[in-house]
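Please examine the sequence and the structure before reading on.

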Amino acid sequence: MNTAILEQKETYREVNSVTGSVNSVMFGTASFSELPVAELVQDFGLNISVCNRSVEEATLKDAFDLLHECVFALNPSKVFLNFGETDLMRPDFDLEAFLDDYARLIGLIRSQSRSRVFVISVISERPEARKLNDGLRALCKRTGCRYVDVADVFSHEMPRLRLFSELTHYMREGKISFSDAMNFCEA
């Protein structure tokens, strides 16, 4: 694990000391790490707590060392996982080994928390991304997780807003209001 990831882990440990339990945790790499989640939660009118515990350069293997600070310490009811972008850039990327590790990560989260797990598609222009997303979709069917396909989000005019908008459907707790339903239709 590189120095930047270790520093981020320490930052999350410090912030967690005042955070407490949350509704949703976003745990991933590049695309997730760029989102100003606190601001977006407010702008989208979500009445829930959402923490972004993403680390831009982290690989899926790094996620295992970050689990306590990024997920377990927050005791979320929902975990949104988005790993693979950094891994795809590695010359030694092995799809089968990656999917096995992802299944192990999901198993750890389920065995040590009460969280529902949502696996978010990899957002990448790389040709290998399609196979990876197909593998993630199949993994979700096998493990009973929810797969959320946002792979085309960067084809939209405002991709980060679109990404967060897509995820809000799954973040909400309870029934949605009529105005929420109308906002979904606009998206």
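Is Phe118 buried or exposed, and what is its relative accessible area? The model is a predicted one. In it, Phe118 has a relative accessible area of 2%, and because buried means under 20%, the residue counts as buried.

**Aromatic pairs**

A pair of aromatic rings is described by the distance of the centres and the angle of the planes. For Phe27 and Phe83 the ring centres are 4.9 Å apart with the planes at 80°, so this pair is edge-to-face. The two residues come from distant parts of the chain: Phe27 belongs to strand β1 (residues 24–28), while Phe83 lies in the loop between β3 (78–82) and α5 (85–88), 56 residues apart. Both Phe27 and Phe83 are buried.

The rings of Phe118 and Tyr170 have centres 5.8 Å apart and planes at 50°, so this pair is tilted. Here too distant parts of the chain are linked, since Phe118 sits in strand β4 (residues 116–120) and Tyr170 in helix α8 (residues 159–171), 52 residues apart. Ring pairs join Phe118 and Tyr170 with Phe80 into a cluster.

Phe83 also takes part in the surroundings of Thr59. Thr59 is found in the loop between β2 (50–52) and α4. With a relative accessibility of 9%, Thr59 counts as buried. Leaving aside neighbours within four places in sequence, the contacts of Thr59 are Phe83, Thr86, Asp87 and Arg90.

Helix α4 is mostly covered, with 8 of its 11 residues buried. These are Leu60, Asp62, Ala63, Phe64, Leu66, Leu67, Glu69 and Cys70. The elements that cover them include α1 (3–19), β1, α5 and α6. The helix pairs are set out below.

| Helix pair | Angle | Axis distance | Crossing |
|---|---|---|---|
| α4 and α6 | about 15° | 10 Å | left-handed |
| α1 and α4 | roughly 15° | within 9 Å | right-handed |
| α6 and α7 | about 35° | 10 Å | right-handed |

Helix α4 (residues 60–70) packs against helix α6 (residues 95–112) at an angle of about 15°. That angle makes α4 roughly parallel to α6. From α4, the residues Leu60, Lys61, Ala63, Phe64 and Leu67 meet Phe98, Asp101, Tyr102, Arg104, Leu105, Leu108 and Ile109 of α6. By class, this contact has 9 nonpolar, no polar and 3 charged residues.

The axes of α1 and α4 cross at roughly 15°, and these helices are therefore roughly parallel to each other. In this contact Ile5, Lys9, Tyr12, Arg13 and Asn16 of α1 meet Asp62, Asp65, Leu66, Glu69 and Cys70 of α4. The residues divide into 4 nonpolar, 1 polar and 5 charged.

**Helix α6 against α7**

Helix α6 also packs with helix α7 (residues 128–143), at an angle of about 35°. On the α6 side the contact is made by Leu95, Phe98, Leu99, Tyr102, Ala103, Ile106 and Arg110, and on the α7 side by Lys131, Leu132, Gly135, Leu136, Leu139 and Thr143. These residues comprise 9 nonpolar, 2 polar and 2 charged. Phe98 and Tyr102 are listed in the contact of α6 with α4 and also in the contact of α6 with α7.

Notes. Residues are numbered from 1 along each chain as its sequence is written. This is a predicted model: local features need pLDDT of at least 70, side-chain atom pairs count only at pLDDT 80 or more; totals for chains, interfaces and linings use all residues. Side-chain values use heavy atoms; hydrogens and water are left out. Axes are lines fitted to C-alpha atoms, for helices over the stretch in contact, and angles run from 0 to 180 degrees between N-to-C directions. Helices (H or I, at least four residues) and strands (E, at least two) are DSSP runs, numbered from the N terminus. Angles under 35 degrees count as roughly parallel, over 145 as roughly antiparallel, 65 to 115 as roughly perpendicular and the rest as oblique. A crossing is left-handed if the near helix is turned anticlockwise from the far one by less than a right angle, and right-handed if clockwise. Contact means heavy atoms within 4.5 Å. Ala, Val, Leu, Ile, Met, Phe, Trp, Tyr, Cys and Pro count as nonpolar, Asp, Glu, Lys and Arg as charged, and the others, Gly among them, as polar. Rings of Phe, Tyr and Trp (its six-membered ring) pair if their centres lie within 6.5 Å; planes under 30 degrees apart count as stacked, over 60 as edge-to-face and the rest as tilted. Buried means under 20% relative accessible area, exposed over 50%, partly exposed in between (1.4 Å probe, protein chains only).
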